Structure formats: C-alpha cells, structure tokens
Amino acid sequence: MTISSPSATATSARTLRLRVENVIEETTDAVTLVFSTPDTERLAAFDYRPGQFVTLEIPHEKDSSVARCYSLSSSPDCDDRPAISVKRTPGGYASNWLCDNAAVGMTLSALRPAGSFVPSRWDKPLVLVAAGSGITPVLSILKTALEVHQETVVLIYANRSTESVMFASTLADLLQRYPTRLEVIHWLESDHGLPTATGLRNLVTPSPDSDAYLCGPAVFMDLAHNALVAAGLSPDAIHREIFTSIQANPFHTSVADSQPAADVGTPVTAEVEGADYTFRCPPDTVLLDAMLDHGIDAPFVCREGNCGACAFTLKAGEVDMRVNDTLDDYEIGKGVRLACQSVPVSDSIAIVIE
Ligand SMILES: Cc1cc2nc3c(=O)[nH]c(=O)nc-3n(C[C@H](O)[C@H](O)[C@H](O)COP(=O)(O)OP(=O)(O)OC[C@H]3O[C@@H](n4cnc5c(N)ncnc54)[C@H](O)[C@@H]3O)c2cc1C
Ligand code: FES
C-alpha cells in the first residue's frame with residue numbers, strides 16, 4: 001500500500017520515504033514498525049543516534065495529514081533496520097491510525113531522525129527510567145550501552161500491569177546476556193499502585209556519578225527526578241524526553257515556502273551539518289526563520305520548542321530563548337539552544353548545528 005500525501009513533493013532534503021518491512025504486535029495496544037528506505041541510496045540519510053526520534057506524516061482526511069514524532073526503539077549499533085514502537089493513545093488520532101493501518105509494504109513520509117535525548121558520554125553508569133511507551137528511546141539507549149560500551153545499566157520500568165509491558169522478551173534476553181551489567185526493576189501499578197518518589201527512591205541505590213535518562217508522563221518524570229536527586233545524582237546529569245503531539249505540520253513547510261531574506265539585523269556565522277554560512281538575523285526574528293529565509297536547510301519539526309529537532313550549539317554571542325520544553329540545565333550549560341525559539345541579543349553570534 002502506498003499512501004500518497006502532500007509531502008511527496010516537498011522540496012526539503014530532510015523528507016524521505018520509509019517502507020514498512022515488518023509489523024510486530026508488542027502488546028494488545030502497541031506495535032513496532034520496522035522500516036527500510038525504498039531508495040537504498042538514501043539509507044545513509046537515516047543515520048540516527050540512540051534516543052532520537054523520527055517524524056511521520058500520517059494521512060488525515062483528503063489531501064491532508066498530521067505530523068507525529070516517534071522515538072526509534074531500535075539501536076543504530078545493534079539493529080539492522082530502524083524501528084519505532086507506537087502505543088495507542090485513547091482518543092488519539094495518529095497512534096490509533098498507525099496501530100490499525102500499518103501493514104507490510106506501506107510507505108510513509110518521514111523527516112530525518114532528530115532530537116537531543118542522546119547520551120553525550122557512555123563512560124558513566126546509566127540509570128534509565130521509563131513509563132509505558134516511554135520505554136522506546138530508553139530501549140535504544142539501553143541496547144547501545146550494553147552492546148557497545150562497558151558501564152552498568154539500571155532500568156526502572158513502570159507499567160499498569162504485566163500485559164502492558166512492551167519489549168518484555170527483549171529485556172529478558174538482555175538480562176540473560178548481561179547478568180552482571182544490567183538490572184531491570186519493574187514497577188507494576190497492578191501490584192504497587194501509582195509510583196511515588198519514596199517508592200522509586202527505595203528501588204535503587206545508584207552510583208552518584210550516574211547519568212540518568214527519563215521518559216514517561218511529566219508527573220512520573222518529576223517523581224523520578226526527585227527520587228534520583230534524593231539518591232545523590234546531580235540534577236545536571238538527569239535528562240528527560242517529553243512525549244507530546246506536535247501541532248505544527250513540518251511536511252507542509254519547505255525551504256521554498258520561506259520569505260525572501262532581509263539583509264538587516266544581527267550578523268550570524270553558522271555551521272550547519274558541515275556547511276558554513278553567514279547571514280543576518282532581522283530584529284525579533286528567531287534563528288530558524290532567518291536560516292530558512294536565507295535558503296539554509298536547517299532541521300526543525302515542531303517550531304514550538306518541544307521536540308529538540310532544531311537544537312544548535314552557541315559558540316559565541318547570546319540569544320534569548322522564548323520557549324524551552326525540551327532542553328535540560330545540563331544542555332543549556334553546554335551552550336545548546338533551540339533555533340525555533342532563539343532571538344539573538346548580542347552584536348553577533350556564531351552557532352553550530354551538527
Ligand atoms: C520526541 C517525541 C517522541 C515520541 N515518541 C513516541 C513513541 O516512541 N511512542 C509513542 O507511542 N508515542 C511517542 N510520542 C508521542 C506521539 O508523538 C503522539 O503524541 C502520540 O502517539 C499521540 O498522538 P495521537 O495523534 O494518537 O493523539 P492526539 O490526536 O494528538 O491526541 C492526544 C490526546 O489529546 C486528546 N485530544 C485530541 N484532540 C482533542 C481535542 N480536540 N480536545 C480535547 N482532547 C483532545 C486525545 O483524546 C488524546 O488523549 C512521542 C512524542 C515526541 C514529541
Ligand atoms: S523545531 Fe521542535 S524545538 Fe525547535
């Protein structure tokens with residue numbers, strides 16, 4: 001089945017077509033979709049890092065679509081093909097559409113992998129905390145940590161009941177292969193009720209120099225954060241991924257849609273994925289808009305400050321970031337900012353998008 005969608009003619013090199021190679025029923029309300037790219041030459045365009053997400057275009061009514069982000073549950077270091085895992089959201093459109101309609105042979109439009117929920121170092125013990133579908137980016141990180149690196153990993157995984165545990169057999173297999181490096185602690189609401197900070201704190205005694213990666217509902221991540229800080233972890237070492245439905249549709253925007261660039265404003269030096277640019281960012285204009293207006297194919301997905309796809313590193317100067325629902329203090333401290341929300345406030349700036 002081929003889904004024709006408006007993005008089939010999108011000009012951005014960031015759009016590619018993914019073919020569904022396999023559909024795996026993980027639980028009664030979650031599926032994993034394994035992909036290939038129909039155009040094998042573009043497989044390299046699907047390079048990703050553990051913890052990143054892909055944005056899919058889901059058909060919606062005639063000639064229309066919605067965009068939704070899904071973390072890759074596969075690991076680039078261990079799995080032959082990229083995969084996402086989608087859990088039905090009650091009353092939600094795209095997750096139910098995918099669970100009901102995804103079939104082998106179907107092609108979907110996607111934006112290249114993005115996101116900053118990626119370990120920047122692997123030489124520290126890892127504490128991974130996931131609830132429900134929040135396991136997907138965490139599983140990708142977990143697999144890479146075990147298969148490629150040497151540190152220990154503790155996974156705390158909260159679910160309603162045994163039946164709703166995704167990847168139960170994958171985790172059992174990893175436990176068998178890495179008995180001394182991996183610890184998996186299940187929190188089942190059916191047995192213990194809703195997670196509490198004290199309950200989570202009592203589950204694990206992490207090494208204080210651990211890095212932690214959290215993904216699940218905001219309230220759950222707040223509890224886990226407090227529990228880990230109480231256990232001695234630095235808040236800077238605790239990273240979160242927030243799952244939300246983006247409102248914007250990046251498949252309906254391309255570089256060609258942008259306004260002609262005005263040659264006024266703050267001088268910007270930008271290295272974007274290895275290419276160098278200089279341009280001016282007009283007053284009160286966010287950097288992403290200025291880059292697109294100058295024909296620079298800068299990455300973005302939501303344009304709302306909540307996905308991290310447009311993250312850049314500030315090398316010189318200062319910006320004012322309007323909304324930030326995704327970067328944590330550690331990343332901010334390292335100079336990471338969101339291009340879709342950053343307005344220059346110094347005489348000039350220099351940025352890098354890797
Ligand atoms: C970086 C990132 C990674 C993600 N990774 C994953 C992943 O790996 N797996 C996964 O399953 N999900 C993931 N998500 C979440 C995913 O993108 C979707 O948000 C999720 O699938 C729900 O989308 P939906 O279209 O089914 O629901 P939506 O249609 O967006 O609805 C969401 C909720 O809002 C309610 N709602 C919808 N419309 C209205 C309305 N008009 N009034 C009131 N309420 C309304 C619905 O009932 C539902 O409860 C990720 C999100 C992000 C940002
Ligand atoms: S494009 Fe999503 S945070 Fe900027």
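**Ligand shell and local geometry of the predicted model**

Arg303 is located in the loop between helix H7 (287-293) and strand E14 (311-316), where helices (H or I, at least four residues) and strands (E, at least two) are DSSP runs numbered from the N terminus. The phi angle of Arg303 is near 60 degrees, a positive value in a residue other than glycine. With a relative accessibility of 31%, Arg303 counts as partly exposed; buried denotes under 20% relative accessible area, exposed over 50%, and partly exposed the range in between (1.4 Å probe, protein chains only).

The model is predicted, and local features need pLDDT of at least 70 while side-chain atom pairs count only at pLDDT 80 or more, whereas totals for chains, interfaces and linings use all residues. Residues are numbered from 1 along each chain as its sequence is written, chains are lettered from A and ligands numbered from 1 in the order in which they are written, and side-chain values use heavy atoms, with hydrogens and water left out.

A positive phi is also found at Phe167, a residue other than glycine, with a value near 65 degrees. Phe167 belongs to the loop between strand E8 (153-159) and helix H3 (168-177). Its relative accessible area is 6%, so Phe167 is buried. Strand E8 itself contains Ala158, which counts as buried at 8% relative accessibility. The C-alpha atom of Ala158 is separated by 9.3 Å from that of Gly134, although the two residues are 24 apart along the chain.

An N or O atom in the side chain of Tyr70 lies 2.7 Å from an oxygen atom of ligand 1. For Thr136, a side-chain N or O atom is likewise 2.7 Å from an oxygen atom of the ligand. At Ala94, a backbone N or O atom is 2.7 Å from an oxygen atom of ligand 1. Taken alone, the ligand exposes 980 Å², of which the protein buries 68% (accessible areas by the Shrake-Rupley method with a 1.4 Å probe; for residues, only the protein chains shown count as cover).

In E4, six of the seven residues are buried. E4 pairs with strand E3 (residues 53-59) in the antiparallel sense over seven bridges, and Thr55 is the bridge partner of Cys69; strands pair if DSSP finds at least two bridges between them. Strand E5 is largely enclosed by the rest of the structure, because five of its five residues are buried. Ala83, Ser85 and Lys87 point one way from E5, and Ile84 and Val86 the other way. Five bridges join E5 to strand E2 (residues 30-36) in an antiparallel arrangement, with Thr32 opposite Ser85.

Technical notes
A polar contact is a pair of N or O atoms within 3.5 Å; within protein, one must be able to donate a hydrogen and the other to accept it, and residues adjacent in sequence count only if both atoms are side-chain atoms.
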